[in-house]
Every structure is written in C-alpha cells, then in structure tokens.
Amino acid sequence: MIKRNLFFVVLFLCASMAVKAQQADTLSITLENVKYPYPIKFFNVSTEGQDLRMAYMDVPAAKMNNGRTVVLFHGKNFGGYYWTNVIQALSNRGFRVIVPDQIGFGKSSKAFIHYSFHQMAQWNKALLDQLGIQKASILGHSMGGMLATRFALMYPEQTEKLLLENPIGLEDYRRFIPYVSTEDQYKTELKSTAESVRKYYQSSYFTVWKPEYEELVRIAGGVTNSTDFPRWAKVAAMTFTMIYEQPVVYEFYNIKVPTVLFIGKEDKTIVGKGLLSPDQQALYGQYRLLGKQTAAKIPGAKIIEFEACGHIPHIEIPTEFTVALLGSL
C-alpha cells in the first residue's frame, strides 16, 4: 500500500512539473515576456473608436552616424525580435534603425479592426513624422514586403530606397487559392500548436533545419498556450484576409523609387498553401522565377539572388545577406 501511495505521489509531482513547464512556455499574445534586443517604445494610434499601441525599437547609430535611416517591416509570423543581426549590422555601419511591430503583431495591440496595408503605411509614416525622420530606406520581409511596397507607392518622397526580402504578394493569390472567409480561417488558426508551427517552418521557410531556429518556434508556438490565444487567432485570420484581398502585384510598374529585391531561390512560400493539392502547389510560389519576373516589372530594379536559401535569408544566411544589404544601401 505504501509503495502504491508513493507511486501516485511521484506521478502527481511529475504531472505538476509538466504543468509548470507548460506554463513557463506560455507567452502572452503581446509578448510581454519576450525580450527584444533593444528597448521598446510605443506609438499611440486611434482608429475605429479604439486607442491602440504600436510597439517599435528606435536604435541609434552605434558608430559614425551617416545621417540615414532604415526601417524594417517584419513578416506575418514574426515581430521585431527576429531582426537582431540586421539591426546590429546597420547600426554599426552608421544607420539609425526603426523597427516597428505592426498593429496586430508582436508587442503591439491585437485589435479587432479592418486591417489594411494602406492604413498600416499611414501609421508608419505618422511614426516617422513624430520621430523627425523625413526620408528612410524601407526593408520589408515577407508580408512586410507587401507593406513596404504600399508605403513606397503612397510616400515616394519619403522613401529613399525600397528593399524587398522574399516578399509575398508576387502573385495574385485570389487567382488560384480558394476563397476562405475570415471566420473559417479563424477556425484554422485556432488549431495552431508549437508542433504545427515547427512543421510549417521546417517545410516552408528553411532549406535545412537548425537548432537555433527553435527560438522562432518558442515564440510563435508559445502564444498558443495563452488564455488570450483566441484573440490572437482572430487577428491572424483578419490579417490573412488582408493579404488575400489586397494584392500589390499589379502596381509594381508604378514604383518610382530605387528598388532592390533579395531573393532566396529555394523559397516556395504560398499564402494559403494548405488549400492546394501537391500538384497545384508545384505551380506557384516559385521564387527563383517570381523574383526575376517582379524585378522586370519595377522600373530600374535590381535583384540579388541567394542559392540554397529559403524564405528568410537574413536568418538562414545572415552574413551573405548582410553584405548584400549593406552593399545596396
């Protein structure tokens, strides 16, 4: 009897430790418990009767200030935290670096609003105005590439250069991805787990999986344990709809600023990829082709391609990407 009771005590303690471990891995949906590489500030935004906060990092030049600024726009599944090595490289070269978490992402408010690339561009312009920045180079990765493109189209006088790192939206997803309502996408987002995030990153973002990428999974997967996760999932669905319904692909011809594309040639990212059969997936998201096609549409654009690299060159091949970026500025 004593041995049996001892067994249950041990079992209970193990279960308690497992629960505590899970709680330790739980992140708030505004990432309060995720440490960013530089101090966070907040820009106040009012829209649709709501007062919101837009988080951002404002990193000064670490060495001789060259008087220029670079703004970094993150992708849909990320926040400012994944730009660390890029911020350091730019700051060390004399640039001021502004790194916003867009409304709905990272440490910023998770608002139930109509999400719009036009509105996001306007908020970022207002942030730069408040910071006294009259002109900046805009680097956008993935979804941030769509936003950077919209920003350059709306504010060419404030855009010194447009820098696009494996941007999505190089094809019109409405042409081949079946329509999914925001509500149905919300149900899909609710099924996310750390393991599903890992599998998606492994299959979609990187050519070879490395242990250091687990930190990205820890953050993106950690929010799925939060009691507020349904709000996060709803916002994720709303921004999915924004990407689907607001293409920029037909407006590349109208870009009037110097533009450079940085393309990992093994990238095969498709927004809504899971809605396609394997045969259909093979027809789209081919960045080794899309990159060249897009560069040809943008007047005077240059393209820098990376072999054996997927969706996030600044993480997968950081040194090569940094050299290319600094050489393009």
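I take a pocket as an open set of points on a 1 Å grid over the protein atoms alone, with protein on both sides within 12 Å along at least five of seven lines; lining residues have an atom within 4 Å of a point. A volume is the space filled by probe spheres set on the points, which are joined across faces, edges and corners.

The model is predicted: local features need pLDDT of at least 70, side-chain atom pairs count only at pLDDT 80 or more, and totals for chains, interfaces and linings use all residues. Residues are numbered from 1 along each chain as its sequence is written, and side-chain values use heavy atoms, without hydrogens and water.

**Largest pocket.** I looked up its volume: about 1000 Å³. I found 43 lining residues, with Lys76, Asn77, Gln185, Glu189 and Tyr200 nearest the centre. Helix H8 (229-245) is among the contributors and gives the most, six residues. Helices here are DSSP runs (H or I, at least four residues), numbered from the N terminus.

**Second largest pocket.** I noted about 170 Å³ of space. Its lining includes Val34, Lys35, Tyr81 and His314. H7 supplies the largest share, three residues.

**H6 and H7.** I then checked helix H6 (residues 194-204) against helix H7 (residues 214-222): the axes come within 9 Å and cross at roughly 135 degrees. Axes are lines fitted to C-alpha atoms over the stretch in contact, and angles run from 0 to 180 degrees between N-to-C directions. Ala194, Val197, Arg198 and Tyr201 of H6 make the contact with Glu214, Leu216, Val217, Ala220 and Gly221 of H7. Contact means heavy atoms within 4.5 Å.

Terms used:
Helices (H or I, at least four residues) and strands (E, at least two) are DSSP runs, numbered from the N terminus. On a 1 Å grid over the protein atoms alone, a cavity is a set of points where a 1.4 Å probe fits but cannot get out, and a pocket is an open set with protein on both sides within 12 Å along at least five of seven lines; lining residues have an atom within 4 Å of a point.
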